[in-house]
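Cover the fold, the chain contact and the DNA surfaces.

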There are 2 protein chains.
Amino acid sequence: MGYSDGARTLSVVSTEPVTRQERKQRTRQGLLDAALDLLADRGFASLSLREVAKQAGIVPTAFYRHFASMDELGVALVEESMRTLRGMIRSARSNPSAYTDMIRASVRTLYEHVRAHEDHFRFLTRERYSGAGPVQRAIGFELKLFSSELAVDLARFEVLREWTTDDLHMMADLIVTAMLSTVVELLEARPRDAETDRRIVRTAERRLRLIFLGVPSWRSG
Amino acid sequence: MGYSDGARTLSVVSTEPVTRQERKQRTRQGLLDAALDLLADRGFASLSLREVAKQAGIVPTAFYRHFASMDELGVALVEESMRTLRGMIRSARSNPSAYTDMIRASVRTLYEHVRAHEDHFRFLTRERYSGAGPVQRAIGFELKLFSSELAVDLARFEVLREWTTDDLHMMADLIVTAMLSTVVELLEARPRDAETDRRIVRTAERRLRLIFLGVPSWRSG
DNA sequence: GGTTACAGTGAACAGCTGTACACTGAATAG
DNA sequence: CTATTCAGTGTACAGCTGTTCACTGTAACC
């Protein structure tokens, strides 16, 4: 079957979208990417539907075939970014070292994921507090979930076995907050060189060390 | 007390502006207040010059008599908000208790100042990370200064006497970050009752306690 | 008391915004 | 092969945006 095989291979290599669903999915992703591009140095609230559509290479009215509003696009962006973040903790969990090595490994994982997906982390950290819209609510909700998962992870440690869940949540929140501020530092790092990165990473490690050092002395209430 | 007292009281109460400078200063403040009002549930970037002018009760073009652009208005807002924040640490420094009492007193001071100037704190925490404009740079600069001052304050403690300045800055940053997240929690507190406030305040105290508990065990490097 | 400085006015502008509507053309379904 | 579905188009409109310009009335100045 010469012809048909050749045709199939060609179509696979060039990855041309064939089905209508594929095409639609592709421009939808195009809109998300376009928005993420424009968000490099501005806030989501200052983004216009027309702008995003133009950047994605479609006419403004076609936007509505994919999202009912910019807010909906924003929420989709939160979901996409959160998928990246969850990929990160999956990586962090997969190499379960202990002691201070765990801190070094975790910060290392954070560092690499931030550098690999700067736009997603920039979006999350920027929009987290900037308003009261659906986007902010979605981020707040997801981060709370994230913090809760971390609390469960913490509970597995020997020293934290008999902590109350309330105390574990407090500690998890503190860690998440500290890590998010590290993310911001990485995104705003100037100059953009290896030494600046190393300094930020080391500071992040020291922050975590200080927090963990307090654990053995902790008495609840 | 009859007439004269009554007349004086009246003139004092009505506080009519007389001089031209006073009038100008008053509408300038009106613009700042108008912006702050509009910022209750939106980001600064989504604010328009016309909107602020209307809220302040002046015509759009009169805006330029006070600020060359919205960005300039924003920077002025940062300065005003920072004055509030500095007023807070002055209060905190004025009752110099020690030990865990210091933590309770500091958090108490923070709590009261946040509740007394919600709009200023909301502005600072919201705009801190949301973009790359002059406003964000101004906030970043001021907060870095703020953190440095805290580092100096920390150096006065017995246990922290021989810490390196680098370690002190690391700890100060961690504390500022934790406190700013407490500010956000207070501003977003739902429901708005005394018990929610108490819970947030107690969590803030526990965060600080955990951080300070690590101090005696700290070894630099 | 006459002159000047200047905070605030009002009309006008070009450019952007979200959204309604009727349309086209090609992938899909029968 | 024909009919339908539907992602993307193009036009249009009302409303908002920042900024210009010539203006007015009054506090401040000499």
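The radius of gyration is taken over C-alpha atoms, and the globule rule is 2.2 Å times the number of residues to the power 0.38. By that rule a compact globule of 221 residues would have a radius of gyration near 17 Å, but chain A has 21 Å. The C-alpha trace of chain A spans about 70 × 50 × 35 Å along its principal axes.

This is a predicted model: local features need pLDDT of at least 70, side-chain atom pairs count only at pLDDT 80 or more, and totals for chains, interfaces and linings use all residues. Residues are numbered from 1 along each chain as its sequence is written, while chains are lettered from A and ligands numbered from 1 in the order in which they are written.

**Chain A**

Chain A has nine helices and zero strands. Helices (H or I, at least four residues) and strands (E, at least two) are DSSP runs, numbered from the N terminus. Buried residues make up 30% of the 221 residues in chain A. Buried means that 20 or more other C-beta atoms lie within 10 Å of the residue's own; exposed means 12 or fewer, partly exposed in between, with C-beta atoms placed from the backbone. Contacts in chain A between residues at least 6 apart in sequence join residues at least 24 apart in 60% of cases. A contact puts two C-beta atoms, placed from the backbone, within 7 Å.

**Contact between the chains**

Chain A gives 27 residues to the contact, and chain B gives 27 residues. On the side of chain A, helices H6 (118-127), H8 (165-187) and H9 (194-213) each supply at least two residues. H8(A) has the largest share, seven residues. By class, this side of chain A has twelve nonpolar, ten polar and five charged residues. Ala, Val, Leu, Ile, Met, Phe, Trp, Tyr, Cys and Pro count as nonpolar, Asp, Glu, Lys and Arg as charged, and the others, Gly among them, as polar.

**DNA surfaces**

The surface near DNA strand C divides into six nonpolar, six polar and seven charged residues. The surface near DNA strand D has six nonpolar, six polar and seven charged residues. Helix H2 (20-38) of chain A and helix H3 (49-56) of chain B each supply at least two residues near DNA strand D.

**Inside chain B**

How do helices H8 and H9 of chain B cross? The axes of H8(B) (residues 165-187) and H9(B) (residues 194-213) come within 10 Å and cross at roughly 170°. Axes are lines fitted to C-alpha atoms, for helices over the stretch in contact, and angles run from 0 to 180 degrees between N-to-C directions. H8(B) and H9(B) are therefore roughly antiparallel to each other. Angles over 145 degrees count as roughly antiparallel, under 35 as roughly parallel, 65 to 115 as roughly perpendicular and the rest as oblique. Among the residues in this contact are B:Leu174 and B:Ile175 of H8(B) and B:Ile200 and B:Ala204 of H9(B). Their contact has eight nonpolar, one polar and two charged residues.

B:Ala138 sits in helix H7 (residues 134-155) of chain B. B:Ala138 counts as buried because it has 20 C-beta neighbours inside 10 Å. Not counting residues up to four places away in sequence, B:Ala138 touches B:Val75 and B:Val78.
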